[in-house]
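I opened this notebook to record what I looked up in one model. The entries follow the order of my checks.

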Amino acid sequence: MRGHCEGLPLVGNVVAFMRDPLGLVRRGHAARGGVFTIRIAHKRMTFLLGAAPHAAFFRATDEQLDQTEVYRFSVPVFGRGVVYDAPLPVRLQQFRLLSLSLRVNMLETYVPMMVGECVAFFDAWADDGEVELFEALSQLIILTASRCLMGREIRENLFGEVSRLIHDLDEGMQPLSVLAPYLPTPAHARRDAAREELRALYTPIIKARRAADAARAAGEAVPPSEDDMLQTLLESRYRDGRAMDDNEVVGMLVAALFAGQHTSSITSTWTGLELLRSPTQLAAALAEQDAVRASHGEELTYSSLGAMDVLHRAMKETLRMYPPLIFLLRKVLSPRPVGGYTIPVGDVAMVSTQVSGRLPELFDNPDVWDPERFAPGREEDRRAPFSYLGFGGGRHGCMGEGFAYLQVKTIWAVLLRTFELTAVGPLPLPDFGAMVVGPKGATTVRYRRRVPRATAGAA
Ligand code: HEM
């Protein structure tokens, strides 16, 4: 085993990386194998591709491979003192507290909220027409997220206001912001103002909820507490018994919203675009809806959604081919042995979910969308741990995986039950220039209502 940095194969340069990052990574892998370093300006980026190199990445502790520096660009959006601005022991507690609102008992309570949002949203569509799927599902997902995560007060009274603020936060998180998060640009100024406005907007809501909690604890007759992420965060306590302050609560809500918004909008769009182009999978998904209705009844519940294996595999396969987070990063804090090399302190260790999802050594026919590869008894059983990276892995694997599956499956269950759908035009290409990679160009779908609207008075 070579124990110094010169042992790592070095390829590439800054121009090639900026022009075609994935091409450079693919060429690096073809020429050098699963571990190689690309020097970008003064930075060394060491790529880890393949099951064993992934394991070295995902099994590392935070003291070995750290997220603080590489995800620092999110601090102005999430806020001071939360997540990547909090000392590691505090951050780990914050993630643990966040995870309480994503446990199965909470997911069960979110399903009726998700279903209600989806039904109302699709009721507003005409009886037939064409829709840009990515745009429509992005709007829908911000509605469901605001209902389940940000709270009834926001969803019912302040939705327009909050959408505007989230848009400004979003615009302040561009590729330039990764390199220079505090550069005094107009977009960064709007981002900072929006974060402050959001905190101010939440202050009375949080105050009212804390007052109701205190009254409830004192035995006064007040309505039952809400079943959302905001309430879980308000009730949670750090190990020393301290409650999160208002700024921390808002920061965690924003972090959860950002973790789930684009990723879920993109994934629900690609899942549909592929499903509608596959006659066999579409037929299987429609037959599955009939079967689940027969076994579980008409109502969509946590349990009936759990029985939708065809939709589940469609989404899982979609994330293999079109992961929205195409690179995962860590700063190397202690020498990391992998594949006969030792990655030196100071390197940025990188996993490319996009390139790895298409490696023939990990997946048969990797460029073919084939959800059946995840059917029981198929390839999956032969695959080494950390081959599939749709939700990352290890100690920082996605906390919202269960939420995301429920959300995407609810959307597609409602869509398939309500409309006949056809994809229009060619499958778009991924927009690799975006921070979170979604489809580039038209995502047109033609629809025709097959059942009458659920709510009276819709357009
Ligand atoms: C982490 C993907 C939805 C919350 C991650 C990671 C990936 C990922 C790849 C690992 C990042 C890394 O290792 O650096 C996705 C995808 C989603 C999705 C593809 C949708 C299809 C959500 C949702 C939530 C969420 C809906 C919350 C409601 C989180 C959190 C982390 C995370 C909190 C950080 C966990 C930690 O660092 O310990 N996600 N995510 N995600 N995700 Fe998701």
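The model is predicted: local features need pLDDT of at least 70, side-chain atom pairs count only at pLDDT 80 or more, and totals for chains, interfaces and linings use all residues. Residues are numbered from 1 along each chain as its sequence is written.

Next I looked up the overall build. The protein chain has 18 helices and 13 strands (DSSP runs numbered from the N terminus, helices being H or I of at least four residues and strands E of at least two). The C-alpha atoms of the protein chain fill a box of roughly 70 × 55 × 40 Å along the principal axes.

I then turned to one helix pair. Helix 7 (residues 133-150) and helix 13 (residues 246-276) pack at about 145°, their axes 9 Å apart (axes are lines fitted to C-alpha atoms over the stretch in contact, and angles run from 0 to 180 degrees between N-to-C directions). Residues of helix 7 in this contact include Leu-133, Ile-141 and Met-150, and those of helix 13 include Leu-253, Gly-260 and Leu-273.

Which element gives the most to the shell around the ligand? I found helix 13, with six residues. Of the 20 residues around the ligand, Ala-259, Gly-260, Gly-392, Cys-398 and Gly-400 come nearest (a residue is near if its C-beta atom, placed from the backbone, lies within 6 Å).

How values were computed:
Two residues are in contact if their C-beta atoms, placed from the backbone, lie within 7 Å.
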